Amino acid sequence: GSVDLVRRLRAAGLRLAVVTSKLGDTARRGLALCRLDGMFEHVVAKEDTPRHKPDCEPLLLALALLEVDAAETAYVGDSPLDVEAADGAGVRSIAALWRPTTEEAFGGHEPDAFARSPEEAAEILEAWHEGLEWGSRADARGA
């Protein structure tokens, strides 16, 4: 369902990029295998910056490429290093818990939200995009 979620986020007006510690060719092959190639405006890979996560430099490059403000941006990642990089770049962070990780694994790195599935991450991103705090949208629907 990832392809449909990415399409949904793009249709909602969200701008999307990938920031990864993988080499660019490897990242692009992975995106193609998952039928996600061409769905992101930019791919920032390991070789694109001299410093890597947990340093915020890769995220700062993505912000520059997208020409967006950090305050209007969120980063979804599956490790405490991702949260640390997001904090350094001044962007919100969503901890992806659908991979083999737990909230406890993030220790002292406190993300802005935890998502237990890609669907939940998309809902959080949509809520934030609409200017809502996570949870407000569900409350407004009476859920």
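A salt bridge is a side-chain nitrogen of Lys or Arg within 4 Å of a carboxyl oxygen of Asp or Glu. Keep that cut-off in mind as you explore this predicted model.

**Stop 1: Glu133 and Arg92**

Select Glu133 and Arg92. Their side chains meet in a salt bridge, at 3.1 Å from N to O. Glu133 sits in the loop between helix 5 and helix 6 (136–141), while Arg92 belongs to strand 4 (residues 92–96), so the pair ties together parts that are 41 residues apart in sequence. Now look at the cover over each partner. Glu133 is partly exposed, at 47% relative accessibility. Arg92 is partly exposed too, with a relative accessible area of 27%.

**Stop 2: Arg8 and Glu126**

How many salt bridges does a search of the whole structure find? The search finds 9. For another of them, select Arg8 and Glu126. The closest N and O atoms of this salt bridge are 2.8 Å apart. Arg8 is in helix 1 (residues 2–11) and Glu126 is in helix 5 (residues 118–129), so the pair links distant parts of the chain, 118 residues apart.

Is Glu126 buried or exposed? Glu126 counts as buried, because its relative accessibility is 9% and buried means under 20%. Arg8 is at 27%, so Arg8 counts as partly exposed. Arg8, Glu119 and Glu126 are linked in a network of salt bridges.

**Stop 3: Glu41 and Arg15**

Move to Glu41 and Arg15. This salt bridge spans 2.6 Å from N to O. Both partners come from loops: Glu41 from the one between helix 2 and strand 2 (42–44), Arg15 from the one between helix 1 and strand 1 (17–19). The pair links distant parts of the chain, 26 residues apart. Glu41 has a relative accessible area of 40%, which makes Glu41 partly exposed. Arg15 is partly exposed as well, at 41%.

**Stop 4: the two sides of helix 1**

Return to helix 1 and color Val3, Leu5, Val6 and Leu9. These residues are buried. Turn the view to look down the axis of helix 1. The buried residues fall within an arc of 165°, so they line one face of the helix. Next, pick Asp4 and Ala11. They are exposed, on the other side of helix 1.

**Stop 5**

Select helix 2, residues 24–33. Which residues of helix 2 are buried? They are Gly24, Ala27 and Leu31. They cover an arc of only 65° around the axis, so they are on the same side of helix 2.

**Stop 6: Ile124**

Go to helix 5 and select Ile124. Ile124 counts as buried, because its relative accessibility is 0%. Then show Gly77. From C-alpha to C-alpha, Ile124 and Gly77 are 13 Å apart in space, and 47 residues separate them in sequence.

**Stop 7: a charged patch**

Finish on the surface. Select Glu84, Asp87, Glu110 and Asp112. Together they form a patch of negative charge. Zoom in on Asp87, which is part of helix 4 (residues 80–89). Why does Asp87 count as partly exposed? Asp87 has a relative accessible area of 45%, and partly exposed lies between the buried limit of 20% and the exposed limit of 50%.

Notes. Residues are numbered from 1 along each chain as its sequence is written. This is a predicted model: local features need pLDDT of at least 70, side-chain atom pairs count only at pLDDT 80 or more; totals for chains, interfaces and linings use all residues. Side-chain values use heavy atoms; hydrogens and water are left out. Patches are made of residues with over 30% relative accessible area and no salt bridge: like charges are joined within 9 Å, nonpolar side chains (Val, Leu, Ile, Met, Phe, Trp, Tyr) within 5 Å. Accessible areas come from the Shrake-Rupley method with a 1.4 Å probe; for residues, only the protein chains shown count as cover. Lys and Arg count as positive and Asp and Glu as negative; His and the chain ends are not counted. The place of a charge is taken as NZ of Lys, CZ of Arg, CG of Asp or CD of Glu. Helices (H or I, at least four residues) and strands (E, at least two) are DSSP runs, numbered from the N terminus. Buried means under 20% relative accessible area, exposed over 50%, partly exposed in between (1.4 Å probe, protein chains only). The arc is that of the directions from the helix axis to the C-beta atoms.
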